[in-house]
Each structure stands twice: as C-alpha cells, then as structure tokens.
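Try each task before you read its solution.

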Amino acid sequence: MKRLHFGADYYPEHWERGRWEVDARLMQQMGIQMVRMAEFSWHKLQPQEDVFDFQWLDEAIALLADYGIYTILGTPTAAPPAWLIQKHPEILPIDREGRVRGFGGRHHDCQSNPIYREAIRRLVTEMAKHYGENPWVIGWQPDNELGNSHQELCTCDSCRQHFQKWLEKKYQSTEALNAAWGTAFWSQEYNDFAQVPAPRITVTGENPSAMLDWKRFCSDLIVDFTREQTEIIRRYAKNQFITHNYMGFANKVDYYKLGELLDIVSHDQYPGGFYLSQTPHEYNHVLAATLDIVRSYKNQPFWIMEQQSGITGWEIMGRAPAPGQLSAWALQGIAHGADAIVFFRWRTCTMGTEQYWHGILPHSGNPGRRYQELKELIGTMEPLMGRLQGSMPKPQVGIVFDFEQEYAFQIQPHHQDLNYTGQLLKYYQAFYKQNISVDFVPQQGDFNQYQLLAAPLQYLMSPELEDKYFNYVRQGGHLILTMRTGVKDLHNLCMADRELPGKLSELAGVEVLDYDCLRETHVEVLFEGQKLQANIWSDLMRLRPETKILASYASEFYAGEPCITEHSFGSGNCYYVGTEPGEELMEALISQICRKAGVEPICVPVPEVECMTRENDKTRFLFVINHSSEAKSYTVPQGYHLLWGEQAGKLGAYEVQILEIEK
Ligand code: GLA
Ligand code: ZN
C-alpha cells in the first residue's frame, strides 16, 4: 500500500472544468498527496438508468495524477438520484411514524430494498471494473458515514420482511421468540413470524426485548449492505484498500463488525462542529476519546477521512478555529494513532446544504490563512510521518465498550441523564485529566493486555462474559465494575436467579439488595475523609466479610452504608462502584485505583495540555498538545528529546510538540 499521509476531500463536479488544474497545482504546492472524490455523485456517473458517464471522473483522476495526487473513490450510494426514485419510489425510507421521507437531502434510501440493492450492484460493478486497476486509484470508501441520517429508519414492508427472516433464522420457532421476548406480557404472543412488525410508534410503551433485536437487525442490515459493495470491489480491485468514514461513537451500526469488512477504519473529526458545545475545555477529553474509540475498532492505526479545515456550518455556524488550532486538532488525530489526515473539504462550496461548511480554501478559491497554516503543517510533518506510521499507543488501561449495552440503555436509560457512552466518558475523563491513556476494548477483546480494566454498566450479561471477568481478575487484573451490572440476559429479560450483579457478586464481594434512582437530586459520599457528590443512582449493598469499603453514602436514608468497594480475588482486585461518581469523586477514585494497579501517567498533568504516546519496537513518541490560547509549560519527562517544535517544555497557544525516546 502507498504510504500517503495528507489529503483533501475534493468535489471537482462542483466547479468549472477550467478550475481543476488550478486546484491540482495549489494542492501539489501545499503537499496534498491524495483526494477522496465522488461519494455523492451518482447522477454525474449515471445520469440515466442506462447511461454511465465516467469521463469527467477519469479526467479529474488523470489531471490530479499529473500533479502526483492519488485518488480514493467513494461509491455514491448515499445519494440515489431523482430518476431512480421517480421510477421506484418504494426506495424512499419510512420512519417510525409511518411517514415516507422525501427526496431533497441525502440517504433517502431503504437499505434492504431489493431494487435499490440491484441498482447499487450495477453501479458499483461498473465503477469497480472501470477503476479497479487504475494505478492512481489507491482505495475505496463504500457509501458515506453509514448509519448517519438513518437513526430511526426504516420501517417499510421490505425492512419488516427482512426483520422477520432475521428473527426466524435466530429463533427457529415462534415459541422460542415468544419466550425470548417475554410476549406473555400484554398479550404480545406471535403465532407466526409474519405477524411481527417493524417497530412503528405504539400507542404506549415498547417491548424492550423486541427493540433490542430490532437494533441488532438494523446494525446487521448496514453490515450486509456494505458487504455487498466490498465483495464487488474486491473482485475487481485487487490492489486497492477499502475503508469507511466512521463517526466516532455513533451507534447505529456495530463498528467492530463493520470493521471486519475493511482494511482500514477511517473517521470524520470535527472538533468545532456547530452542534457541539462551543467551550472546548468541556470537550477536549471527548475529542481524545473519539479518536481512541476509532483506533480501538480494529485495534490498529486509522485514517481521518474528513478533518475539519475551517468554520463548520449548515443553517447555523460554529466558531472560527484560531490560528494554530486546525493544526493542533490534526496532530491530536496523529497522536492517537492516525496514519493519514484528509481535510474536509478542499474549497468551500457555493451551493447546497453545506455552503457554510468551510474548506481549506474560502468561497473565492484564493489561498488564505487556513491554506498557509495547513501547508506549513504538512511541510514540516511529512518527513516525520514515515517514522510514525504503524506505531500505536500502548495504554495500560482499557475501558470496555459494547454496542449492545449502548442499545439496551437507549431503550431503557433508567434516569433522564444516564446514557451508556456518556457514562463511559465520565470514567475516560478522569484518566484523561491524569494523563493516563486508554484503549476501548470490545467484550470479545483481549482483557489481559491491560493492568486496569474499567467495565461500567455491564448491564446485559452472559456466562461467557462473566467467566472472562473472573479470569481477568484471577490472573492479577484490576477490574472496575459498576451499578447496573448483570441485570439482564442477552434477550433483555431481567435475571432473577440471584441478587445483582448475579454471579459476579462473588468477584465483586457485594450483593445489591436494593437501589435508588436519584431523580433531580444527588447523594453525598464520604471518600478519603472528604464529602463529595455522586449522581444518578445508589446501589444498596450487603458485603462479604472480606470486602473493603472505599466510600460510603453520607446522605439519604442509607447514609453510612457502603457505596464503593474493593475485593481481592485470585491475584487481582475487583472494585465495585454503586453510583455515578461526580467529577471530583471520580478523579480521586480513579487516581487511588491507578496507584493500586501500578498504572502510571505519561507525564505530570497540566490543565488543557494533552499528552499521548505512540510507539513501535524501537521508539516511543510523545505528543504534547496545548488546547488553549494561553502559553503553557510542562515538565519534559526524563530521557525524551524534542523532535518537532520550538523549545521543549514551553508551549505557545495551540502549539504541539513531539518528543521521542529510544526504548
Ligand atoms: C460529514 C459528511 C460530509 C459532510 C460533512 C460536513 O462528515 O461525511 O459529507 O456532510 O459531514 O457536514
Ligand atoms: Zn425499508
């Protein structure tokens, strides 16, 4: 595979043909080595059912090639053209309210519709045949941000029938389905799979077991939709890679499973998205976590396929990135394991929904501040990228992240402010602030490579997963379990054979006999002699005699009872957290547990300065990122020397330094 590191998302079809060469020259001068193109240009490639026109794209690829620039091709299946919709309106998706969603945006498609699938097979086959051996095409991106815009879609007849088939394969008989879904409740028994609906809004309430299977089905549908394309591409394009642009923690499709179809995971990173809170210090840890989850999906270096390159905006806009900030964000991606950065987009578009989603070039097309800044970044970083390529962060801490747990909490959040990913991010934030780097780990993953494993909200539980946790701790691991663990089986039915957290109570040394959902209030907790705050939930527990109490409740009718505990088991320790610790309590708790587990920070923490390492067999690289507009100092850890930057230990606004140490 070609080792390319910097690119731009390019839409030549939005501009006059005469401009293309100017773009190519400006890209070359800036150090851009690749573009992604065509992921929304179905109509341009197939203007009518029986007319394919690849000439404009051939010309664009060839012209860019003259300037040494390679192409990644998107398949344009996120934007089915009007002629196709007119002929087959049943391709349009139907939402849970039963409304047909119309043409005029994107992703106006039902991914199970057989006619739509056939049209895709035809187009993707033509494209793959045409470009599969073009030496200037290095890779493919099927569709675009799969799962985006499809959150509540689709409940059409085709999707209902596919869901029924999926259920029949899984359960074989309606008796098994009825048992798994607990349909005895409210007379929901099915006599025939054909009676099972795709879940439209109901008069009242929903069956949580049915909803969990529906979400699993929707995820599988996207994987299947993608597989159809990747199989065609691989048939004709033997030397080109396949990637897809993920969206961090987006949860419509199980990204671990999708990743099995791909050579590389890519991601779209918009730190200044207009839809985010605009106070960066509140979400620096979220940006870091987003990059860590993306690396973790395939546990290998990833690409950024869309990296913010200006003000974001659709109807409203985000703030202008300050000088240096775009570079700092791009380098943050590299620090967390990105091997390539593709900036979105080359030039700000004059038309359509994204007129205010600013690119490297402004509307006028004249290079300005952003072009100069990113040109300098590429110019100085490119010589280093080869050395960084393939190196990985090697965290001592893992946080377990699983899509089915996420789905189960979407269905029943318990508390208006509880959500699965948000809860994981609270743990993540405490590690982040202490400069302790983290991997996310799938439940099927290898736990043993981590000294400390945090597994919040392990709500759906299987005997296999229980065994993994027992083995991990038995062999010396430090495990954090929390409230709402072991509550349900994999059908989303409550387990009733013993007290919570079920069999894991032997590992945690606690049994939860009762609990309190902290509506519109919080609870006080006594920890290391201090009264601190906790939220959302209180587990009320009976302990085994050998279980140690780390914190107790200090308010409510259960004041004095244990809240956070520690239990030795085998050669390791299991901590049980019966609440959601507030920020201060979380930090104090995590730092105590890290001390006990022998987990070390990368360097001494400085507020708003992020530290991250990547390493290979020989070298460890340390990235230090100043996320603030103020100068900052940090202590250079022993033995490291400066590889990139001005003066080691002194950071200007948004400055990033890279240091290295031989191992
Ligand atoms: C996403 C999409 C792009 C574009 C940008 C900006 O990341 O993949 O096509 O829409 O957002 O909105
Ligand atoms: Zn459908």
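**Exercise 1. A loop and its peptide bond**

In which loop does Cys154 lie? Find it, then look at the peptide bond that joins Leu153 and Cys154.

Solution. Please keep in mind that this is a predicted model.
- Step 1: Cys154 sits in the loop between E4 and helix H6 (157-171).
- Step 2: the bond joining Leu153 and Cys154 is cis, with omega at about 5°.
- Step 3: Phi of Glu145 is near 40°, a positive value in a residue other than glycine.
- Step 4: Glu145 has a relative accessible area of 10%. Buried means under 20%, so Glu145 is buried.

**Exercise 2. The second largest cavity**

Work out which residues surround the second largest cavity and where they come from.

Solution. 
- Step 1: this cavity has a volume of about 70 Å³.
- Step 2: of its 13 lining residues, Gln111, Leu153, Cys154, Leu221 and Lys252 are the closest to the centre. Leu153 and Cys154 are the pair joined by the cis bond of Exercise 1.
- Step 3: helix H8 (residues 208-236) gives the largest share of the lining, 5 residues.
- Step 4: sorted by class, the lining has 9 nonpolar, 2 polar and 2 charged residues.

**Exercise 3. The largest cavity**

Describe the largest cavity by its volume and its lining.

Solution. 
- Step 1: searching the whole structure turns up 3 cavities of 30 Å³ or more.
- Step 2: the largest cavity holds about 100 Å³ of space. Among its 14 lining residues, Tyr432, Ile436, Ser437, Cys611 and Met612 are the closest to its centre.
- Step 3: at least two lining residues come from each of helix H10 (284-298), helix H14 (420-433) and strand E19 (609-615).
- Step 4: the classes are 9 nonpolar, 3 polar and 2 charged.

**Exercise 4. Checking a helix**

Solution. 
- Step 1: at the start of H5, a side-chain oxygen of Asn113 comes to within 2.9 Å of the backbone nitrogen of Ile115.
- Step 2: the buried residues of H5 include Tyr116, Arg117, Leu123 and Tyr131. Their cover includes helix H3 (55-66), strand E3 (70-74) and H8.

**Exercise 5. Ser309 and its surroundings**

Is Ser309 buried or exposed, and which residues does Ser309 touch?

Solution. 
- Step 1: locate Ser309 in the loop between strand E7 (302-308) and helix H11 (325-335).
- Step 2: its relative accessible area is 0%, so Ser309 is buried.
- Step 3: leaving out residues up to four places away in sequence, Ser309 touches several residues, including Leu326, Phe343, Phe344, Arg345 and His358.
- Step 4: a polar side-chain atom of Ser309 lies 3.5 Å from the backbone nitrogen of Arg345.
- Step 5: Arg345 is in the loop between strand E8 (338-344) and helix H12 (369-388). The peptide bond from Phe344 to Arg345 is cis, with omega near -10°.

Note on methods:
Residues numbered from 1 in each chain as written. Chains lettered and ligands numbered in written order. Predicted model: local features only at pLDDT ≥ 70, side-chain atom pairs only at ≥ 80, totals over all residues. Heavy atoms only, no water. 1 Å grid on protein atoms, 1.4 Å probe; cavity = no way out; pocket = protein on both sides within 12 Å on 5 of 7 lines; lining within 4 Å. Points joined across faces, edges and corners; volume = space filled by probe spheres on them. Helix = DSSP H or I, 4+ residues; strand = E, 2+ residues; numbered from the N terminus. Nonpolar A, V, L, I, M, F, W, Y, C, P; charged D, E, K, R; others polar. Buried < 20%, exposed > 50% of the residue type's maximum accessible area, 1.4 Å probe, protein only. Contact = heavy atoms within 4.5 Å. Polar contact = N/O pair within 3.5 Å; in protein donor to acceptor, adjacent residues only side chain to side chain.
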